[in-house]
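The model under discussion is predicted.

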Amino acid sequence: MSTPVSSTGTGTADVTAAAALALGDDALILSHRLGEWAGHAPVLEEELALANIALDLLGQARVLLSMAGDEDELAYLREERAFRNLQLVEQPNGDFAHTIARQLYFSLYQHLLHTELAAGDGPFAPLAAKAVKETAYHRDHAEQWTLRLGDGTEESRRRMRAALDSLWKYTGELFQPVEGLELDTAALEAAWLAALGDVLERAGLALPEGPRTGAWAAGAGRQGLHTEPFGRMIAEMQHLHRSHPGASW
Amino acid sequence: MTQNWPLWEVFVRSRRGLSHTHAGSLHAPDAEMALRNARDLYTRRGEGVSIWVVPSTQIVASSPDERDPFFEPSADKPYRHPTFYEIPEGVRHL
């Protein structure tokens, strides 16, 4: 599949499509990961919450990918190297604490991002204005669970801390500039760190240590470089479409 | 896990509804999570609704065994029903 970005448009249309692809891939891939919890969540109520969040994200992905091209073609016919999602969102679910840590890192970021995009007048403002309500709920969900796991039992605290530590190296990538998005990434990162620090303090946890950026950290998903589990994930996601190309359902 | 999670009763008032109606029950570790779960389960996130959650243990129900002494309508005691008054004209909201 060739690159979906129109080569005939002006520069603005191209960068908007590129940014839509990056944000759309984040939502699509995280939605798929959360969908994997269906039937496996610790309790029925939590299963519903995770499915709810996954559905919100899939809705966002559909809007964004449609801005970049044909949503089905983009989701099902691109190779791994053509996906532009953050490496954070493709990380496997792990245990429940792992999923919550990933949700916490990402939904905090997404909520701040949508708030800023909604306040502007760029091409993503209408989507962000709608999505910011959803993302506020995702953020609240992740925060609530971080508090309960961090301030729960010895075991839940140990697992929450391990999850936060192991995903920490993927968070530097959140604040790399995205072409086509007019963002003050430094301010975004400062707000993210402050909000995260606040939640973790209330949960009796500390901010993880260790690098988030640079040679010892991960994060080139926006350039199409992905971690090993991602290939298996999209193989499963795309299997049917690739077996029956062109079918409609 | 569910064994440790108490049962909560959920009452929902819809956006145009006048009163809270019992919608169902759910398991949650505490009141905050019960509210959030109730939102997912019973309101489909429609805006402008009000939710009450109550621990099931806090609800005292009337006993089915005592139904008769509790509820039997005293139809043979018509003097208990205020149906013998004529409402004066001009009285409103009665």
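In chain B of this predicted model, helix H1 (residues 31-43) lies across strands E1, E2 and E3. The direction of H1(B) is at about 120° to that of E2(B).

**Sheet of chain B**
- The three strands form an open sheet in the order E2-E1-E3, with antiparallel pairing.
- Strands E2 (21-27) and E3 (50-55) of chain B each have a single partner strand and stand at the edges, so one side of each is left without a neighbour in the sheet.
- From one strand to the next, the twist averages 30°.
- Strand E1 (residues 7-13) of chain B is joined to E3(B) by six bridges; within this antiparallel pair, B:Phe11 has B:Trp52 as its bridge partner.

**Largest cavity**
- Two cavities of 30 Å³ or more are found in the whole structure, and the largest has a volume of about 60 Å³.
- Residues lining the largest cavity include A:Asp26, A:Gln60, A:Tyr109 and A:His114.
- Helices H1 (11-35), H2 (44-68) and H5 (96-119) of chain A each give two or more residues to this lining, with the largest share, five residues, coming from H5(A).
- The lining of the largest cavity comprises six nonpolar, three polar and one charged residues.

**Second largest cavity**
- The second largest cavity holds about 50 Å³ of space.
- Among the residues that line the second largest cavity are A:Glu46, A:His141, B:Arg36 and B:Asp40.
- At least two lining residues each come from H2 and H6 (125-150) of chain A and from H1 of chain B; H1(B) provides the largest share, four residues.
- By class, this second lining has three nonpolar, two polar and three charged residues.

Terms used: Residues are numbered from 1 along each chain as its sequence is written. Chains are lettered from A and ligands numbered from 1 in the order in which they are written. This is a predicted model: local features need pLDDT of at least 70, side-chain atom pairs count only at pLDDT 80 or more; totals for chains, interfaces and linings use all residues. Side-chain values use heavy atoms; hydrogens and water are left out. Two strands pair if DSSP finds at least two bridges between them. Axes are lines fitted to C-alpha atoms, for helices over the stretch in contact, and angles run from 0 to 180 degrees between N-to-C directions. Contact means heavy atoms within 4.5 Å. On a 1 Å grid over the protein atoms alone, a cavity is a set of points where a 1.4 Å probe fits but cannot get out, and a pocket is an open set with protein on both sides within 12 Å along at least five of seven lines; lining residues have an atom within 4 Å of a point. Grid points are joined across faces, edges and corners, and a volume is the space filled by probe spheres set on the points. Ala, Val, Leu, Ile, Met, Phe, Trp, Tyr, Cys and Pro count as nonpolar, Asp, Glu, Lys and Arg as charged, and the others, Gly among them, as polar.
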